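Student: I would like to learn how to read the features of a structure such as this one, one at a time. Could we go through it together?

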Amino acid sequence: MQRYFVQPEQFGEEIVSITGEDVKHIARVMRSQIGDKIIVSDGVSKVAITEIVMLEQQEVQSRIIEWLTSKAEPELQVTIAQSLPKGDKMEIVIQKCTEIGAATFLPFLSERTVVQYDQKKEAKRTERWRKIAKEAAEQAHRDVVPQVLSPVSWKQLLASLADFDLVCFCYEKEDGQQLRDIVAPFVNSMLPDQQYRVAIVVGPEGGFSEAEVLAAEAAGAISIGLGRRILRTETAAMAALTCIMYESGEMGGV
């Protein structure tokens, strides 16, 4: 059953109003008809099976049939802090990590970032990234669309690390601590019915400088390796997130 996200105010007591690009998707792409059922979520607390009762050019109205309990969201709130990569790699990171279970994406600029940052262009790109996160969340049947934050500076990223319970700093030259060495004990120490925030920090194509590693560790990050092979920047976030989801029981782990 196709899933769509709407704003909380679009949920009425009996009817959900769907507007914007989703109207075109329902009518033209899915070729839905009156009486067809879809799942609608407000991305916060409401998820329901609904039945389409009105199809117009600018709006679809769907009647609430059954409320659903949220089951698709991980207990761990994982933020992917990704140094801006070249080309469309950020889109790949957002799409795939949304499917895996990331809660937030935080792009940042680091010493070896090669992308020329333009604030006006970046605003448009951020909107596109948010659209990709929404579509990926719908495809993966998630109940929440991950946040995609605006890019921040290296200093701003370091200042934000204090907000997390665990920060995994992916460093290709780390030959000591591996990701599992850190994540497994952390997961085992988690208390029930409490929310924990984890950050995965990934560098650009050229990796991090030694000065950045020292600065991140001073800010509370733990430098970790991802095995004996060097991963591309867009692969590292996906691999680390998958490992964390497995260790926390989201993929049949502990």
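This is a predicted model: local features need pLDDT of at least 70, side-chain atom pairs count only at pLDDT 80 or more; totals for chains, interfaces and linings use all residues.

Student: What is the phi of His 141, and how should I read it?

Tutor: The general idea is that most residues other than glycine have a negative phi. His 141, although not a glycine, has a positive phi of about 60 degrees. With a relative accessible area of 33%, which lies between the limits of 20% and 50%, His 141 is classed as partly exposed.

Student: Where does Arg 31 lie, and is Arg 31 buried or exposed?

Tutor: Arg 31 lies in the loop that runs between helix H1 (21-29) and strand E3 (37-41), and this residue, which is not a glycine either, has a positive phi of about 55 degrees. Because its relative accessibility is 63%, Arg 31 counts as exposed.

Student: Now to the helices: how are two packed helices described?

Tutor: Two packed helices are described by the angle between their axes and by the distance between those axes. In this model, the axes of helix H2 (residues 89-100) and H7 come within 9 Å and cross at roughly 10 degrees. Angles under 35 degrees count as roughly parallel, and H2 and H7 are therefore roughly parallel to each other. On the H2 side the contact is made by Lys 89, Ile 92, Val 93, Lys 96, Cys 97 and Ile 100, which meet Thr 233, Glu 234, Ala 237, Met 238, Leu 241, Thr 242 and Met 245 in H7. Sorted by class, this contact of H2 with H7 has eight nonpolar, two polar and three charged residues.

Student: Which residues does Ile 100 touch, once residues up to four places away in sequence are not counted?

Tutor: Ile 100, which lies in helix H2, touches Met 238, Leu 241, Thr 242, Met 245 and Met 251 on that count. The C-alpha atoms of Ile 100 and Met 238 are separated by 7.8 Å, although the two residues are 138 residues apart along the chain.

Student: Is Thr 98 buried or exposed, and which residues is Thr 98 in contact with beyond its neighbours within four places in sequence?

Tutor: Thr 98 also has its place in helix H2, and at 0% relative accessibility Thr 98 counts as buried. Leaving those neighbours aside, Thr 98 is in contact with Val 93, Phe 105, Ala 133, Ala 136, Ala 137, Arg 142 and Pro 146. Pro 146 is 48 residues away from Thr 98 along the chain, and their C-alpha atoms are separated by 6.8 Å.

Student: What joins the side chains of Glu 122 and Arg 125?

Tutor: A polar contact of 3.1 Å joins those two side chains. Glu 122 lies in helix H3 and, with a relative accessible area of 3%, is buried.

Student: Which backbone oxygen does the side chain of Ser 248 reach?

Tutor: The side chain of Ser 248, a residue in the segment after H7, reaches the backbone oxygen of Met 245 at 3.1 Å. For a view across the model, the C-alpha atoms of Ser 248 and Gln 33, which are 215 residues apart along the chain, are separated by 41 Å.

Student: Where is Trp 67 found, and which residues does Trp 67 touch when those up to four places away in sequence are not counted?

Tutor: Trp 67 is found in strand E5 (residues 60-67) and touches Phe 11, Lys 46, Val 47 and Ala 48 on that count. Its relative accessible area is 45%, and Trp 67 is partly exposed.

Student: Which residues does UniProt list for the PUA-like domain?

Tutor: In an unreviewed entry, UniProt lists residues 18-64 for "domain: Ribosomal RNA small subunit methyltransferase E PUA-like". Over residues 18-64 the chain in this model is 19% helix and 43% strand, and the end C-alpha atoms are 13 Å apart.

How values were computed. Residues are numbered from 1 along each chain as its sequence is written. Side-chain values use heavy atoms; hydrogens and water are left out. Helices (H or I, at least four residues) and strands (E, at least two) are DSSP runs, numbered from the N terminus. Buried means under 20% relative accessible area, exposed over 50%, partly exposed in between (1.4 Å probe, protein chains only). Axes are lines fitted to C-alpha atoms, for helices over the stretch in contact, and angles run from 0 to 180 degrees between N-to-C directions. Angles under 35 degrees count as roughly parallel, over 145 as roughly antiparallel, 65 to 115 as roughly perpendicular and the rest as oblique. Contact means heavy atoms within 4.5 Å. Ala, Val, Leu, Ile, Met, Phe, Trp, Tyr, Cys and Pro count as nonpolar, Asp, Glu, Lys and Arg as charged, and the others, Gly among them, as polar. UniProt positions are given in the numbering used here, feature names are shortened, and annotations may be inferred rather than shown by experiment. A polar contact is a pair of N or O atoms within 3.5 Å; within protein, one must be able to donate a hydrogen and the other to accept it, and residues adjacent in sequence count only if both atoms are side-chain atoms.
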